[in-house]
Amino acid sequence: CFYSAKSFSSPEVSKAKQCFLIIPESKVIREELDYISSLENVHRFGLGLRPCDVKSISEKTDIFDMILKHDQNSYSNVSALIKFADSLHLDSKEDHLQIKLKLAKTGFELGDAGFALDLVGLFIDENFVPAADLVISIIRGLDASQVENEFMAEMTTFAMCYSQEKDLDFLVKNLKGCVTSRNRAINAGSILRENEFWVNKTCSALSSLVEFDQMDSLLDYVKDVVVGIDNYVQVDRILSTLLAALSVKAGVVATNSLTNAFAFHSPKETKALLLESLASAEPQMAESIQNVTRWLDLLERAGKVLEHVNKFKVGLFVAGAEADKEGALLQAVCNITEQGSENVIERALQTIFDVAEDAELHLGKIMKEFVSKIFASGKCNACISLSICTLLEGFNLAEDALGELSMSFTTEVYAGLRGTDTFNILYIFNVLECCLSLSSVKLVGDLEGIGLDDLKKLKDVLALILWVEEDVDFKSIITGEEKLFAEMKMYISRTNVNGFACLCECLSAAAFWQGRSKAVTTSDVYFCQLGCDMVRPEYQQEELLAIASKSLPKLCSPDLERFVSQLTSKENHFGGELQLSNLSRLGVLEAALEVAKARDGEDSQLASSFHMTLVNEKALQSMDDVLNLSPAHRALLDRSERREDLYDALGALACDGVDLCVLTFAASVYGILDADYDSLREAILAKVKDALGNAEWSTEEGVSPIVLLVRSLEAKEDACLDHLEFAASFTEFVDRLRSSAWNEIQSYIKDHKYGESASVQPIVLFLSEKFVAWKYWSQPDDEGFDHILLLCQSNEILEQYWEEGPQASKDDFRDIQALRVSFGRLLAAAEHEHHLISLHRLLACWEENWKPNEDIVELRECHLNLLVKCVEAGKEFALKVLVGMQERDHPAVSDQG
């Protein structure tokens, strides 16, 4: 009923839609409904289409023919027509191109060439074959001057690919006009798209182009075509076709014998035969034949390159300018080094340079790039390095070219290598050695000042680095001694020390090294190795001793002495914790002593010095066994570096109460004890003075620093002295030191009048009693101080027995008469028995301690007066007083009966 309707508003159309809606989910039905709806909108393009007219439309695209026939000017409404096509489900790329082709034809027929050309560009880009007839029509209908030369050549090339034979001659002539135009701007990309079909068409075109007389234009055309093709087979086919066409034109070969000779592939023998035939061609064709021959020869070289690389700009290398050829070959070099293995690179080297030489290219530049790429890829090896050298020797390069190469290899290749990349540095040195041997060039950059002989020595250094099997930084070690030893300390050990020794010998022999640093001897190397091995925790003590016994004989005498000095020094010279036990350290010192004896004799100065060091070290180690020093005290001594520091440390130990015998032993062990002990004496007396000044005299605890020093001077631990030979003057030294210390204390007490202070007097007596503990020491007389002690003792007795009674004063002890007067005063004040008891004890203390002793007789009257006082008071204590007088042979006892 739809096709019988007279208009889209007829009831039949509505009924048709309703019928379709019975099955709305059907895709076919849905498309039919969309088709009907789209047809209803065709009136927008001015077309009065009825449903009954639709029956006669076989293809939907015919509707656009009807629109353009009804209104030709609608061709320019491209976007609306394409949108309308989408509504008709003509939405594929092919559909759109078909519709645009109809619009372009109409536009061109109406004289709108610009509109048509815009769409032609689209057709060419999409390789839309149905547009070929339109393109041919446009080429025929347009003045060539109205179109850019490049676009005209592109249209012509496109048309040639799909044209009929009748149009081919026209198109070839047109393309020739494009090629020979003065203002041409044609490149390979616009002449030919690399496509098998297009290559076939080009080969067909060549047969026609050779009919023209201007052979140079023909060759230019072929050149422009070929340089854009990377496919070897396609270039071969085009050149083979050209060769065949030239053969026909020269009359050396019949046309019928070459029919399809190069349709797919031309055998090498066929080309050789044609080239041989062209040798007898007319002179005017000689240059063209020579060019083609050259291209074919380069094509053969390109084939050799392709044996080593997958991608190569064949056409550019064959027909391009020298720079193009060079660029193509360098790109092949890049591809080979990036994608190929070391074996591929090795095989490709000779081929690349054979091809470059045949192409008459700059061998030095290609060598520079090839070597740079090889090392950048990290794929160089000994064989490749040797091959590069062999090639350089065969190039016969000029001096300046070799100079440029050596500069490049130094400032780019060598400079770009890590110092630990030993193999690659060795390989580039092989190449540099070759450059230097072929010329008088000088190295620059990091290798400036290094000549051919030095370079050979540095190659030996690199080989030795490989021998030690460590990541030694070559670039660092050749800068000087400091960096060399820094690297050695990281890697040297007993297993590779010989390698490092040889390495340093090679470096020291180089002329450039002698200008930078001093020679590094074998002794220097073994000294470094010993220092490093002594701090390695992985070694057992037996291994360390074995290492020392093997390496010490390699040291020169100064280094041997320096090693022993560092081994026994308090400061750490080895850059880590020394792993030697005390016993092992003695073993190393004994080994050093044996080396010195074997070298210079037992009586040599070095051997004697080592013997003394060994004895002293044994004594130091015996301190832990002989002395009872705390770890803190031992550490204090060990940290002391100078003689003054050691004596100060000994004084500090005395302040902690360490026995004087121990201090003397330690001073002897550390080798600082004077024959007269004066330095030790001064150190301890200095601490006594400090202790006196820092003491707090109000309590016994406050004077503990002095007490500790007094304890130190007791000198009781004399057993340790049995291990050393001391002079007989030691006993005298002890007595003299005690007296000096006591005098310092006495003087301090007198200067500060502590004897007159009731609060300090007990402390004075406390210190005095500490000195009494010294055995075999007679306290020296000190005028006045005895009376101070007696004053302190008297007040202590009075305080103890009289309690809050009277106190003695300094004036009471001025002389014996003053003492008698003082006793009379105290006796007069005595009221109780305990007062009398205190006076009896006081008299006993005075008689015992008063100096001079001969004055004691003056106190006899005091005893008698005390007895009388006791009797008068009726105290039983009188009997005890009387007995005491009898014990002292008091004359009054016998006188009184």
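Reader: Where in the chain is Tyr677 found?

Author: Tyr677 sits in the loop between helix 36 (660–669) and helix 37 (678–694). The model is predicted, and what follows should be read with that in mind.

Reader: What is the phi of Tyr677?

Author: Start with the general idea. Most residues other than glycine have a negative phi. Tyr677 is not a glycine, yet its phi is positive, at about 65°.

Reader: Is Tyr677 buried or exposed?

Author: Buried means under 20% relative accessible area. Tyr677 has 3% relative accessibility, so it counts as buried.

Reader: Which loop holds Asn396, and what is its phi?

Author: Asn396 lies in the loop between helix 21 and helix 22 (399–416). Its phi is positive too, about 60°, although Asn396 is not a glycine.

Reader: Is Asn396 buried or exposed?

Author: The cut-off for exposed is over 50%. Asn396 has a relative accessible area of 71%, so it is exposed.

Reader: How many helices and strands are in the protein?

Author: The protein has 46 helices and 0 strands. Of its 897 residues, 49% are buried. Among contacts with a separation of 6 or more, 68% are between residues 24 or more positions apart.

Reader: Which residues of the largest nonpolar core touch the most other members?

Author: In soluble globular proteins, nonpolar side chains tend to be buried together. Here the largest nonpolar core has 183 residues, and Phe429 and Leu552 touch the most other members. Helix 23 (residues 422–438) gives the most to this core, with 10 residues. Domain 1 (57–192) and domain 2 (467–607) each supply at least three residues to this core. Apart from this core lies another, of 51 residues, including Val662, Ala666, Tyr677 and Val734.

Reader: Leaving aside its neighbours within four places in sequence, which residues is Phe429 in contact with?

Author: With those neighbours set aside, Phe429 is in contact with Tyr414, Leu447, Leu455, Leu458, Lys459, Leu462 and Phe474.

Reader: How many aromatic pairs does a search of the whole structure find?

Author: The search finds 13 aromatic pairs. In one of them, the rings of Phe353 and Phe395 have their centres 5.3 Å apart and their planes at 50°, so the pair is tilted. This pair links distant parts of the chain: Phe353 is in helix 19 (residues 342–358) and Phe395 is in helix 21 (residues 382–395), 42 residues apart. As a general idea, such a pair is described by the distance of the centres and the angle of the planes.

Reader: Are Phe353 and Phe395 buried or exposed?

Author: Both Phe353 and Phe395 are buried. Ring pairs also join Phe353 and Phe395 with Phe370 in a cluster.

Reader: Which side chain makes a polar contact with the side chain of His96?

Author: The side chain of Asp86 does, at 2.8 Å. His96 lies in helix 6 (residues 93–109). Its relative accessibility is 19%, so His96 counts as buried; the cut-off is under 20%. Neighbours within four places in sequence aside, His96 is in contact with Ile82, Asp86, Leu90 and Asp91.

Reader: Which helix holds Ser584, and is Ser584 buried or exposed?

Author: Ser584 is in helix 32 (residues 582–600). With a relative accessible area of 5%, Ser584 is buried. Apart from neighbours within four places in sequence, Ser584 is in contact with Gln541 and Leu545.

How values were computed:
Residues are numbered from 1 along each chain as its sequence is written. This is a predicted model: local features need pLDDT of at least 70, side-chain atom pairs count only at pLDDT 80 or more; totals for chains, interfaces and linings use all residues. Side-chain values use heavy atoms; hydrogens and water are left out. Helices (H or I, at least four residues) and strands (E, at least two) are DSSP runs, numbered from the N terminus. Buried means under 20% relative accessible area, exposed over 50%, partly exposed in between (1.4 Å probe, protein chains only). Contact means heavy atoms within 4.5 Å. A polar contact is a pair of N or O atoms within 3.5 Å; within protein, one must be able to donate a hydrogen and the other to accept it, and residues adjacent in sequence count only if both atoms are side-chain atoms. A nonpolar core is a set of buried Ala, Val, Leu, Ile, Met, Phe, Trp, Tyr and Cys residues joined through side-chain atoms within 4.5 Å. Domain bounds come from an automatic or database domain assignment. Rings of Phe, Tyr and Trp (its six-membered ring) pair if their centres lie within 6.5 Å; planes under 30 degrees apart count as stacked, over 60 as edge-to-face and the rest as tilted.
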